[in-house]
Each structure stands twice: as C-alpha cells, then as structure tokens.
Amino acid sequence: MVVLAAIGGFLLYRGFEIFKDFGFSFITGSKWDIGNAEDTSTAILGIGAMLFGSVITAIIAVVISVPFAVATALLIEFYVPKWFKTILISVLDLVAALPSVVFGIWGYAVLLPLVENWSKTIEHYLGWIPIFNVPSGIFGRSPFLAGLLLGLMIVPIITSVAREVYSQAPRDLIDAASALGGTRWGALRAVVLPFGRSGLVGGTMLGLGRALGETVAVYLTLNLVFQVNFKILASAGGNVASLIATKFGEATEYELKALMAAGLVLFLVTLLVNFGATIIVNKSRKIV
Amino acid sequence: MSVVIETMPPVPTQPWRNSKAQGMRNFLAIVLALICGGVINRVTGLSGFLGLFVGTAFLFPVFVAFANINRGANVVVDRIASAVIAVAFIAVTIPWLSIFITVFRKGSEAFHSSYLTDDMRITPSGDDLQYGGIAHAIVGTMLMVLVATVISVPFGIIAAIYIVEVKGRFASLIRFLVQAMSGVPSIVAGLFVYSTVVTFFGGFSAWAGAIALSILMLPTVARTSEEVLKLVSVDLRTSSSALGATQARTVFTIVIPTVASGLITAAVLGVARVVGETAPLILTSSYFVATSRNLNEPIASLPIYIFSSLGLGDQNATARAWGGAMVLLGLVFFLFLLTRLFSSRIKRK
C-alpha cells in the first residue's frame, strides 16, 4: 500500500529538477530537444504534444468503443441463452487479458493497411471538416489508427463493467414493463439503460485510464512526431507512455529525468481518472 | 330443458412469440440483407469480407423493420434495436477472431521442431527460420513471473484478508487504494522500478523486472482474493468462533483451506495479467539473447522478444515476432483454462 505513495514520491524526486527548470511549460510546451548534451540549459523539453496525443487517442478509443460495449453487454445479459452467456463472459475475460503487444503487432500488420484505405476514403469525402483534412497526404500510423486499436482493447473492459451493472437492474421493474405490454427494447430503454448509466460512466473511465496509459500498442501504431496534431487521420502524434518507451533507450541523464517527470504527469492523470471511476462504480453498486 | 353452455378453457397464447410466418419473414430479411450486401460488395468500392459485412450490417436492420412492419411501431423499433445490437456484437467479435487467426497463421510459419528449445545465442534475428528459437524468452518470462508471484501473492492475500476478515479501520481505504493501483499504467510502474531498483543496484536485472511485474500483479491478486474470501459462509466463521477459536486461527485453519483453490485462481489470474506486459520490462529487465538463469543480469522475456524482433524490420525477424506472439497467446489461453478449472471446482464445493 506504501507502493502508490512511493511511486509518486520517487518519480517526483527524480523529475523535480525538470519541473524546477521548466515549470508549467513542461506540460504545455510541445518541443523536445535536448540541445547540447553537455549543457543542460540548452534543452527545451515539453510534453504538451504527447499529452494531447494521449488524450485524443483515448477519446477516439472511448467514442468508438462505448456504443459497441453497451450493445455487447445488453446482448450478453438479455438476449442470449444462459449457456452461451457463460461462454461469452469467459471469452470477454480472455480478450481483456490479451497482452497489449499482441494487440499492437496485430494492429500494425492487419489494421494498419485497412485503416489507411478507410482514412483515404474519409479524407476524400469529408476532407472539408478540419479534423479529417490531411494536407500532407501521409496517412498510415495516425491517431485514428491508434485510437481505434485502443478502442478494441478497452471494449472488453467497458463491456464487463456495464454487464455487471445491467445484471443488477431491478428484475421486477423489467417484468413490470413486459407485463404492461412493452417490448424487450422498451424495457431495456425504460429500466436498464437509465439504471446502468452511472455504472457505464465508471466503466468507461476505467477504459479511459487504460487507454491513456497504454504503451506498446500505441508505440507500434502511432508515428512519434512532436506537434499538437488535430488532424486525426494524418500520420503524426504520440502519447506520453510511448514517448517514455521510445526515448528511454538513448536518453541522456538529464532527458531521463524529464522522462521521469513525464511519467509522474501520466501517473497523476491516470490516478485521477481511476479514482473518479472507482468512486462512480462503487456508488452505482451501492444503489442496489 | 336445460341449456348446456359450453365453456371452453381459454387457449394459452404467447403473443410475444414469433409466429412461424414471422420467423420466415425474419429469416428472409437476413437472406435479403446478405444478398444486397453481396451485390453492393461486387458493384461498389465496399470490397472484401469487411465490405460484405458492412453492407449487410447496415441493410439488415432496415429489412428487419420491413419484415415486421405490420406489427405496430413499438415492435418495429424493438426489432430494429435487436438487429442493431446483434450487428454491433458481431462487429466486435470480428477483430477478436482476426487476432486469433492472424497470430496462429503467421506464428506457425516461424515454428519448427526445436523452436521451443533453442535460443538466439548464436543466431542473428534475420537468419533462416529453422535456426534459433525462443527458449531463452520462455525461461526468462517464467523466472520473472515466478519471482513476481512469490512476492505479490502473499501481499495480495494479506490485503484481502485484512479487508474481508479483519475489517480494520483502514479496510475501505486499502480497498480503494488497491482499486486505484490496478489502474497504474504499466510503464509508470516500470519507471518507478527503474528509478529505484535499477539505479541503486547498478543496471538492468531480472530482479527489477520481477519487482515491476509484482507491482502490476498485486491489485489483481488482492481483488480476486477479496471476492473469493467473501464467498465463505458466515456460518462457518461463527461456528469456528463458537468453538473458541481465535480469529487468526479461524482464518488460517478454516477460511483459507476452504477457498484454497479460489486463491490459486487469484494467483493464476494475476500471472495472466502480467505475463504479456512489455512496457515495464523494457525499462527493467532489458533483453538478452541467450538462455540465462542469473537473476542479477538482464534477461530475455517473451514480450520483449516480440517487441525487439518487430523493431528490426527484417522479414525473418518479423516472422519470429509472430512466433513469439503465438506462444504468448497460447500461454495466456492455457492460464485461462487453468482458472476455469479451479473456479469450477469452487462452485462444486
């Protein structure tokens, strides 16, 4: 239990110098230049672009995965026979435990060419919307691809939380809705979905936390470029976690400290998201 | 003269059931959607299997709506909702299936008779696929996971016992912390261990990797153990107390033996959670090409093997990465079967 505090403490201790040197611009700046390796004062380090990349890929992931997760949870809980339900729950657990490196290698080999084609089509027809515009004409390892892959990774997480909450929806109200002549969808919409809303929000935030901190899958599917990239189809971006993994190998001592500071920021952000998620999920459990 | 009034018992009807004709119409809707999807697939740019699926997926709810149009607005909406839910579910399973199929198809290319027993000590990654193997990575992963298990399982179970059995003052706080800890990004755990263990003890080592893994494993073990301990009936505990046993004695001689297989499940789930962790190992155990049992040195592991082989860009190296992914997937699959086995044993009790 001391571990949590220790993690924060040590990262703060290591990264302190960076915060002292750069202050708030470490978070807002989007340049990463160690300058002269001998003289640390020439370095300009900022994780703004990476932080933005983390957030935008995670948002894409959540936007894509939530509708599918809700549909899957409803299907498992209310539509399929019991024997199939137990199988599906096992499969869900299994997919949730798939290593991210396996997702990453699949995303790189299978999803990348597909998404490249889709991106071209989207740009062709919807290019007039700023975020879909790709002036460079280089698609490929874009935030959209990374977000899509993260979305696939967090579907099982959100689904299992949503399913658990839906299964606690008051049975008598559902039966009452049916007895009044409502259809199955009518009962789901009137009883189950409102009941499970806060649980769904909590589950989504858990998924968001996972998507924010994901390293390897993003490393493999997102081109690390230090710029704030709104154009989600263009091949440029990065996130804090993949920044750490990329720069770690050849980092100078000073840069290493900056990576520690970046890790601390990531740690605090995910901790915040997870605290929120835990509180919301626990609350929605207590209603029952 | 008496009038015989014939009263027939009401015939039970099940209005919510599909009539046979309705079943036919629904079936027809699927077939029609498939056919139209196929036509679109041939004629327009929506090509390939995915194009077929997308075309069909959008048409299916529409056809289902038409198939039920004589049954009123509510039923139509209900049917559309069911169709959309079914289509969304299938859309979710396609990538899952694709992952399994791709990994096994591409992974089997790298497989050869001594793949599991050779290491990469004398084989460059770009060498022909019949040379080299992943023995070093398997041994490394096993060693680190073993050490991580030894570290985290006792702590996890103690935390669970504190929450469920002792119910001390900090129980809810610890529970909250454990839940929050499960959301710590794996790379942050890696950075932490790097900044402590690696820098203090001079260099990458299997120990550091194992410690990073144990940090990630702890919350899974603690939460699963907690769920399992809650299953023990209150009767069992109170009767133990009634016989004069202390709480510690109750826990160690009654509660834990009762749920032993559940606690093993918790440990296995924890292992399944960390066996494929890549990011923290980049920062802690690094990589090594030969089979090593020395915990003070850098050591190979399956995820890093996949990761570093992939980074080389060489065709044979990439094939090796897929081979590693297949073994890793097989390992996770095996661990899951184990947990199912144990948890079904709990239920029988």
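**Confidence and overall make-up**

The model is predicted rather than experimental, and it scores ipTM 0.80 and pTM 0.83. For chain B the average pLDDT is 80, and 92% of the residues score at least 70.

The secondary structure of chain A comes to 12 helices and 2 strands, and from the N terminus on its elements run α-α-β-β-α-α-α-α-α-α-α-α-α-α. Chain B, by its own count, has 13 helices and 0 strands, which, read along the sequence, gives the pattern α-α-α-α-α-α-α-α-α-α-α-α-α. Of the 288 residues of chain A, 52% count as buried, while buried residues make up 43% of the 349 residues in chain B.

The contact pattern along each sequence can be stated in like terms.

**Extent and domains of chain B**

The C-alpha trace of chain B spans about 105 × 70 × 35 Å along its principal axes. Its radius of gyration is 29 Å, whereas a compact globule of 349 residues would have a value near 20 Å.

The domain assignment divides chain B into domain 1 (20-110) and domain 2 (135-348), and the C-alpha centres of these two domains lie 40 Å apart. Contact between them involves 7 residues of domain 1 of chain B and 7 residues of domain 2 of chain B. On the domain 1 side of this contact there are, by class, 3 nonpolar, 2 polar and 2 charged residues.

**The contact between the chains**

Between the chains, 54 residues of chain B are in contact with 51 residues of chain A. Several helices of chain B each supply at least two residues of the side that touches chain A, among them α5 (171-181), α6 (186-200), α12 (302-311) and α13 (315-348). The helix that gives the most to this side is α3(B), with 19 residues. By class, the side of chain B that touches chain A has 40 nonpolar, 11 polar and 3 charged residues.

In soluble globular proteins, nonpolar side chains tend to be buried together. In this model the largest nonpolar core has 174 residues, and those that touch the most other members are A:V102, A:I105, A:L149, A:V240, A:A262, B:I306 and B:A325. Helix α3 (residues 48-79) of chain A gives the most to this core, with 18 residues.

A:L45 lies in strand β2 (residues 44-45) of chain A, and A:L45 counts as buried because it has 23 C-beta neighbours inside 10 Å, the cut-off for burial being 20 or more. A:V225, by contrast in setting, is found in the loop between α10 (216-221) and α11 (240-248) of chain A. Is A:V225 buried or partly exposed? A:V225 is partly exposed, because 14 other C-beta atoms lie within 10 Å.

In chain B, B:L281 is found in helix α11, and B:L281 is buried, with 31 other C-beta atoms within 10 Å. Leaving aside its neighbours within four places in sequence, B:L281 is in contact with B:G209, B:S301, B:P303 and B:I304.

The table pairs each of these residues with another of its own chain, giving the separation along the sequence and the C-alpha to C-alpha distance.

| Residue pair | Apart in sequence | C-alpha to C-alpha distance |
|---|---|---|
| A:V225 and A:L114 | 111 residues | 22 Å |
| A:L45 and A:L188 | 143 residues | 51 Å |
| B:L281 and B:P298 | 17 residues | 10.0 Å |

Key. Residues numbered from 1 in each chain as written. Chains lettered and ligands numbered in written order. Helix = DSSP H or I, 4+ residues; strand = E, 2+ residues; numbered from the N terminus. Buried ≥ 20, exposed ≤ 12 C-beta atoms within 10 Å, placed from the backbone. Domains from an automatic or database assignment. Contact = placed C-beta atoms within 7 Å. Nonpolar A, V, L, I, M, F, W, Y, C, P; charged D, E, K, R; others polar. Core = buried A, V, L, I, M, F, W, Y, C linked by C-beta atoms within 7 Å. Rg over C-alpha atoms; globule rule 2.2 N^0.38 Å. pLDDT = per-residue confidence, 0-100.
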